[in-house]
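Here is a short tour for you to follow with the model open beside the text.

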Amino acid sequence: MAVGRRWLSRTVAATLLVLAGTALPAGPAAAVDPEPKFDFDLTSTTAPLGVETKRIHLRFTNLTTDETPTAWQFNVRPTDSDSWEKAAVQWPDPRVDTGECDGEPEQFYCYIAAPAHEGLIPGPGETTEIPLDIRVRVKDEPYEGSFVVTVHAYWADERSPDVEKTFPLTIVDDAEADLSVLAPDVKQSVRVDADGKLEATGPLNPGETAAVRYQIVNQGRKAVSGVKVTLGLPEGVAFTAPPEECAIDDDKRSAVCTYDTLALVPAAEDTDPRDDVHSAVELHNLLTVPADTQAPVTLQGGTVQVEGLTEEVVAKSDLVRTKLPANAVAVPAADVDASDNQDGFSVVVAAPRSGGDDDGGSGGGGGGGSLPITGSQTTLIAGTGLVLLAGGSLMLLLARRRHRLPHA
C-alpha cells in the first residue's frame with residue numbers, strides 16, 4: 001500500500017495507536033475534563049456503485065457558550081480491518097485542509113490546532129465541518145460495513161474524555177441522483193456590489209447584512225433537472241431581498257426556493273469547464289441581524305434542506321430547462337442517500353464595532369475585499385472554478401473532482 005508524503009514519519013507508531021483507539025500525544029500531559037463540551041456527527045455514508053469517491057463531512061460542534069478549544073483530534077478506523085478492502089474512509093488529498101493527518105490511509109488520525117488550523121476550530125456554539133472521502137473499491141456488488149470515529153478536544157490545560165461513535169458504511173446498487181448540501185456558519189457582514197457580487201465587510205455586527213451560503217453537489221449517477229431548497233433562520237434573524245425564485249413566510253425566517261431551471265448532472269459527467277453543464281452549485285440568500293441584538297452572541301438553529309426535482313434528464317440537450325407551466329408541479333427525484341440533504345448553521349454576531357471603525361456603507365464596515373471562500377467551506381467538491389451570475393443569487397461551482405488521491 002502506497003504511503004503519502006504527509007505521514008511518512010511515525011506511520012508504524014501512529015497505526016498501532018489508532019488501532020488501539022489511542023490518540024497520539026499533542027503536547028504536555030493535560031488533566032482530563034469529565035465533560036467533553038462538544039458533539040460530533042457524520043452523515044451521508046451511503047454511496048452508489050459506479051462512483052469512485054464520495055465526499056462526506058465530519059461535523060464538530062462546540063457546545064459551550066464562552067470557550068473555544070485550543071485543539072481537537074479525531075481517529076478513524078474500521079470495525080473490521082479486512083472490510084475496508086471493498087470500501088474505506090480516507091482523508092482527502094493535501095490540497096484540502098483537514099489538520100495534521102497521519103497513519104495508514106484507512107486507519108488514521110487528524111490533529112487540528114491553532115494557529116496553523118485556526119479556521120477549523122469552532123468558537124462557542126459554532127460548528128466546523130471536516131471533509132473526508134469514501135473510496136469505493138467494489139465494482140459490481142453491494143457492501144455493508146461500519147467504521148468507528150473517536151474524538152477528543154483540548155480546553156486550555158484540560159483534555160476531554162474520548163467520545164466514540166460507530167457509523168455504517170454502505171455501498172448500494174442504485175442508479176439515482178445523490179444530492180449533498182453543506183451550509184457553513186454565517187460570520188461575516190457583506191454588501192452586494194453593482195455587478196451583483198458579494199463583498200465581505202468584516203465580522204457580522206448588529207444591524208448588518210450577511211449571506212447564508214450553501215453548496216449543493218450531485219454525487220450520484222443520475223441528473224436532476226431542478227432543485228428545491230427549504231431554509232429556516234435562527235430566531236431574531238430575517239431574510240432580506242429574496243430572489244424571485246423564493247417564497248418568504250410572513251415572519252421572514254422561512255423560505256422555499258424552487259430553481260426549476262437548475263440541472264445538476266453526476267460529477268463524473270461534468271467534464272468540460274467551458275460548457276453550461278454543472279454537477280455542483282453554490283447559492284446564497286441575504287439576511288439581516290436586528291440592530292438591537294445583544295452581541296456577541298451565536299444564534300443557532302438555521303437549516304438548509306435540498307431536494308432534487310424531476311430526474312427525467314438523460315442527454316445534455318435536455319438540460320436546457322424552462323419554467324414549469326402554471327398547472328404543473330415538479331415531483332421529487334429519487335436520492336441514494338437523503339441523510340445529507342439537510343445541514344444546519346448558526347449566525348455568529350460579533351460585538352458592535354466602535355464608531356471610528358464603521359465606514360457607514362450598507363452591510364457594515366471593517367475589512368473589505370471579496371467574500372472569502374476558504375478552509376473546509378470549499379471542500380464539498382475539490383478543485384473548482386467559480387462563476388457569479390450578476391443580479392441573481394446563484395454562484396455556480398464547476399466541479400472538477402476527478403483527481404487521484406495521494407494515498408490511493
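## A strand in the interior

In this predicted model, strand S10 is largely enclosed by the rest of the structure, because 11 of its 13 residues are buried. The strand covers residues 143–155.

S10 has several pairing partners to look at. S5 runs antiparallel to S10, and eight bridges join the two; here alanine 71 stands opposite tyrosine 154 of S10. S12 is also antiparallel to S10, with nine bridges between them, and in this pairing valine 151 faces valine 163 of S12.

## The hairpin at the end of S10

S10 also pairs with S11, a strand of residues 158–159, through two bridges in an antiparallel arrangement. Tryptophan 155 stands opposite glutamate 158 in S11. Two residues lie between the strands of this hairpin, where alanine 156 takes a positive phi near 55°.

Now pick out threonine 150, which lies in S10. Is threonine 150 buried or exposed? Threonine 150 has a relative accessible area of 5%, which is under the 20% cut-off, so this residue counts as buried.

Leaving aside residues up to four places away in sequence, threonine 150 touches Gln73, Phe74, Asn75, Asp162, Val163 and Glu164. With glutamate 164 there is also a polar contact between the side chains, at 3.2 Å.

## From glutamate 164 to arginine 77

Which residue meets glutamate 164 in a salt bridge? The partner is arginine 77, with an N to O distance of 3.4 Å between the side chains. This pair links distant parts of the chain, 87 residues apart: arginine 77 belongs to S5 (residues 71–78) and glutamate 164 to S12 (residues 163–172).

The two partners fall into separate accessibility classes. Arginine 77 has a relative accessible area of 19% and is therefore buried, the cut-off being 20%.

## Other salt bridges

In total, the structure holds 16 salt bridges. One of them joins glutamate 141 and lysine 86, whose closest N and O atoms are 4.0 Å apart. Glutamate 141 is partly exposed at 37% relative accessible area, and lysine 86 is partly exposed at 37% relative accessibility.

Aspartate 93 and arginine 95 form another salt bridge, with closest N and O atoms 2.9 Å apart. Aspartate 93 is buried, at 4% relative accessibility, whereas arginine 95 is exposed, with a relative accessible area of 60%. Elsewhere, a network of salt bridges links Lys54, Asp178, Asp337 and Asp340.

The chain averages a pLDDT of 78, and 72% of the residues score at least 70. Over residues 1–28 the pLDDT is below 50, and this stretch has 57 contacts in the model beyond near neighbours in sequence. Residues 356–408 also have a pLDDT below 50, with 158 contacts in the model beyond near neighbours in sequence. Where pLDDT is low, the predicted coordinates should not be read in detail.

Terms used. Residues are numbered from 1 along each chain as its sequence is written. This is a predicted model: local features need pLDDT of at least 70, side-chain atom pairs count only at pLDDT 80 or more; totals for chains, interfaces and linings use all residues. Side-chain values use heavy atoms; hydrogens and water are left out. pLDDT is the predictor's confidence in each residue, from 0 to 100. Contact means heavy atoms within 4.5 Å. Helices (H or I, at least four residues) and strands (E, at least two) are DSSP runs, numbered from the N terminus. Buried means under 20% relative accessible area, exposed over 50%, partly exposed in between (1.4 Å probe, protein chains only). A polar contact is a pair of N or O atoms within 3.5 Å; within protein, one must be able to donate a hydrogen and the other to accept it, and residues adjacent in sequence count only if both atoms are side-chain atoms. Two strands pair if DSSP finds at least two bridges between them.
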